[in-house]
Structures are given as C-alpha cells and as structure tokens.
Amino acid sequence: VAPPANSAAPRADAHRFRAVISRIAEEMAALPDHGTPADYIPMLAGADPRRFGMAVAEPDGTVYGVGDWQQPFSTQSISKVFALALALSLDGEQIWRGVGREPSGNPFNSLVQLEYENGIPRNPFINAGALVVTDRLQALTGDAAGQVRELLRSESGNDAIDFVPEVAASEAAYGDRNAALAHFMASYGNITLPVPELLSAYFRQCSIEASCADLALSAGFLARGGIRTDGSALLTRSQAKQVNAVMLTCGTYDAAGEFAYRVGLPGKSGVGGGIIAIVPGVCTLCVWSPGLDRRGNSVAGVSALARFTTLTGLSVF
Ligand code: DON
C-alpha cells in the first residue's frame with residue numbers, strides 16, 4: 001500500500017524516467033505525420049496536432065513531465081475508465097450484467113454488434129458500453145459526471161478540473177450516433193434512465209478537461225492495486241487487475257491488438273488526443289497529442305508510449 005500523495009520523503013530514484021521522456025519528446029517533435037484532430041466534435045477540431053505532452057506519476061504521488069504536460073485537454077473516452085472504476089466500486093459484479101468484457105474489433109461508436117448481441121455491448125470502453133456504465137452510475141448516485149469529476153479532483157489534488165459546457169454542447173449537437181446507441185439499448189431494457197438524461201450525463205462526463213499530470217495522478221489507483229491517494233481502497237486488488245485487463249484488451253477499440261503489440265500496457269485513449277497507460281506497481285503515464293489516427297487514437301501518443309516501454313523495458317509482458 002502506497003503512502004498518501006506528497007507525504008513521502010523524496011526518494012533517491014524519484015524522477016527516474018525524466019531523461020527517457022525528454023528523449024521521447026524530442027523524437028515526437030520529429031514525427032513526419034501527427035495525424036488529424038477529431039472533427040466530429042467541432043470544439044475539438046481546431047487543436048494543433050503538433051502539441052505534445054507526457055507525464056509520469058509514481059505510486060507515491062511524485063509527478064513530472066515534458067512538453068505540454070500541464071495543459072488541460074478534453075479527456076473524452078479516458079473518463080470511461082474512471083466511470084467504470086466508480087461503478088465497480090459501488091455495484092460490484094452487477095455491472096457485468098449489462099456490458100461484456102471482450103474486445104469489439106469495431107470502431108468505438110459502432111452500432112453493428114448491438115443487434116445480434118441483444119443490446120449488450122461488448123465492453124465498457126466502446127461508446128455503447130460506456131453508456132451502460134454511466135446509466136448505472138447515474139442511477140446509483142444521481143450525478144455520474146459529478147462523481148467522475150470528484151474522483152479526478154481528489155486523486156490529482158487539482159480542484160480546478162471541470163466540465164467544459166461548450167464541449168458537452170458541441171457533442172450533444174452532433175450526438176445522433178450516441179443517441180441511437182442509447183435508444184437501441186433502451187429497447188432491450190439495458191438502459192434504465194430516460195435517454196436524454198443519460199446522454200446529458202455522458203456528454204458532461206466526456207467534456208471534463210484535465211492535464212497529463214492530472215490524469216497520470218488520477219489513474220494511480222490502478223498502479224496501486226486499487227488504493228487511492230488517501231490510502232483507502234477504491235477497488236479491491238482483484239478489481240484493479242480486472243480494470244487493467246479490460247483496458248489492455250479494449251481500451252483502444254479496434255486497435256487494441258496493435259496497441260498491446262506496440263506498447264504492451266493497459267491503456268485508454270480519448271478522441272481529445274490523450275492516452276493513459278498503467279505500469280502496475282511502477283507508475284502511470286499520460287500522453288497528449290491531439291492528432292489522431294483513423295481509429296481515433298493519438299498518433300504521437302501511441303508512438304511515445306511504445307518508445308517508453310521499449311526504452312525502459314517496462315511492460316506487462
Ligand atoms: O462519445 C463520443 O463519441 C466521445 N465523447 C468520446 C469518444 C472517444 O473519446 C473515443 N476515443 N477514442
């Protein structure tokens with residue numbers, strides 16, 4: 001069990017990955033193609049694909065980074081990890097009645113599997129599965145998005161983390177896909193809330209802005225066997241293992257196999273260009289670069305994580 005953040009005396013090996021991430025930042029600046037920012041959420045389309053930040057958080061709460069590591073960005077689907085952790089902590093195994101834990105092999109916003117799998121989405125990280133998780137969290141707490149924001153604030157120590165109403169509105173304005181997914185699952189009884197209430201909670205959750213530093217710290221419980229910064233347990237050791245496993249197999253959608261092959265860590269991406277990755281027992285990483293590949297994952301983000309595991313030899317394999 002790690003001590004609370006910021007209470008430990010400085011360790012001799014603190015910041016041990018600083019040289020590695022500085023080298024990676026230089027390499028990423030030289031990438032020939034940084035991809036294209038998401039354009040289906042107009043508020044995200046204007047981002048500069050050459051921006052790059054990377055942060056490392058160690059289990060004792062030490063955090064450091066390179067480039068734009070303190071720049072807030074739209075967390076988008078990264079928020080799905082925190083929503084799942086909260087739902088698991090409140091609801092336990094029940095959550096798996098409405099959502100599976102197999103890779104989908106399909107894009108994150110795909111509808112196609114839902115009909116022949118009776119309205120049960122493959123996993124909690126595609127949009128359909130995340131909608132089921134947020135539905136459950138909203139039903140249990142009355143404020144799913146607020147709970148996710150609170151978890152990020154308390155684990156990062158940054159009370160400035162917040163929703164961006166313009167981003168939530170931008171998504172709602174172009175939200176026909178998510179609305180279709182939610183209504184379709186509701187027709188199978190796998191959504192309990194009125195769909196407009198669910199979508200509003202989901203878009204607010206996705207609109208949360210946080211930096212690489214904030215997210216690397218916030219994901220720390222997944223590197224500490226479920227233990228929060230204050231020493232209490234958000235998840236059991238076994239549940240933390242389960243969340244990490246689902247991140248590895250499903251966290252980057254139809255690119256999860258390629259991500260495991262190149263990076264070899266549990267990871268979760270978002271269309272804002274962020275990716276969190278967990279080295280259990282060692283550290284958590286967050287990278288941000290808004291240019292995406294065609295599957296919605298940050299080009300420089302995936303490359304940077306691949307370089308990190310290659311240069312350090314740290315991966316789950
Ligand atoms: O629902 C959506 O489409 C977005 N709020 C989140 C999608 C996302 O981040 C997928 N990530 N790569």
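**Entry 1: ground rules**

Two strands count as paired if DSSP finds at least two bridges between them. Helices (H or I, at least four residues) and strands (E, at least two) are DSSP runs, numbered from the N terminus. I am working on a predicted model, so I note that local features need pLDDT of at least 70 and side-chain atom pairs count only at pLDDT 80 or more, while totals for chains, interfaces and linings use all residues. Residue numbers start from 1 along each chain as its sequence is written.

**Entry 2: the sheet**

I looked up the strand order first. An open sheet is formed by 5 strands in the order β2-β1-β7-β6-β5, with antiparallel pairing. Since β2 and β5 (267–269) each have a single partner strand, they stand at the edges, and one side of each is left without a neighbour in the sheet. I get an average twist of 10 degrees from one strand to the next; angles here run from 0 to 180 degrees between N-to-C directions, with axes as lines fitted to C-alpha atoms, for helices over the stretch in contact.

How many residues of β1 (residues 53–57) are buried? I find 5 of its 5, where buried means 20 or more other C-beta atoms within 10 Å of the residue's own, exposed means 12 or fewer, and partly exposed lies in between, with C-beta atoms placed from the backbone. Gly53, Ala55 and Ala57 point one way from β1, Met54 and Val56 the other way, and all are buried.

On one side I followed β1 to β2 (residues 63–67), an antiparallel pair joined by 5 bridges. Met54 has Val66 as its bridge partner in β2. The two strands form a hairpin with 5 residues between them, and Gly61 in the turn has a positive phi of about 95 degrees.

I then checked β7 (residues 283–288), which is also antiparallel to β1 and joined to it by 5 bridges. Ala55 stands opposite Cys286 there. Further along, 6 bridges join β7 to β6 (residues 274–279), again antiparallel, and Val279 has Cys283 as its bridge partner in β7.

**Entry 3: helix α1 and Met28**

Helix α1 (residues 18–29) lies across β1 and β2, running at about 20 degrees to β2. Is Met28 buried or exposed? Met28 counts as buried because it has 23 C-beta neighbours inside 10 Å. Not counting residues up to four places away in sequence, Met28 touches Phe52, Ser289, Ala300, Ser303 and Ala304; contact means C-beta atoms, placed from the backbone, within 7 Å. I also noted Gly301, 273 residues from Met28 along the chain, with 8.8 Å between their C-alpha atoms.

**Entry 4: a helix pair**

I looked at α8 (residues 176–187) and α9 (residues 195–206), which pack at an angle of about 135 degrees with their axes 10 Å apart. That makes α8 oblique to α9, as angles under 35 degrees count as roughly parallel, over 145 as roughly antiparallel, 65 to 115 as roughly perpendicular and the rest as oblique. Asn178, Ala179, Ala182, His183 and Ala186 in α8 meet Val195, Leu198, Leu199 and Tyr202 in α9.

**Entry 5: the whole chain**

To finish, I stepped back. The protein chain has 14 helices and 7 strands, and its C-alpha trace spans about 55 × 45 × 35 Å along its principal axes. Buried residues make up 55% of the 317. Among contacts with a separation of 6 or more, 69% come from residues 24 or more positions apart.

How values were computed:
Two residues are in contact if their C-beta atoms, placed from the backbone, lie within 7 Å.
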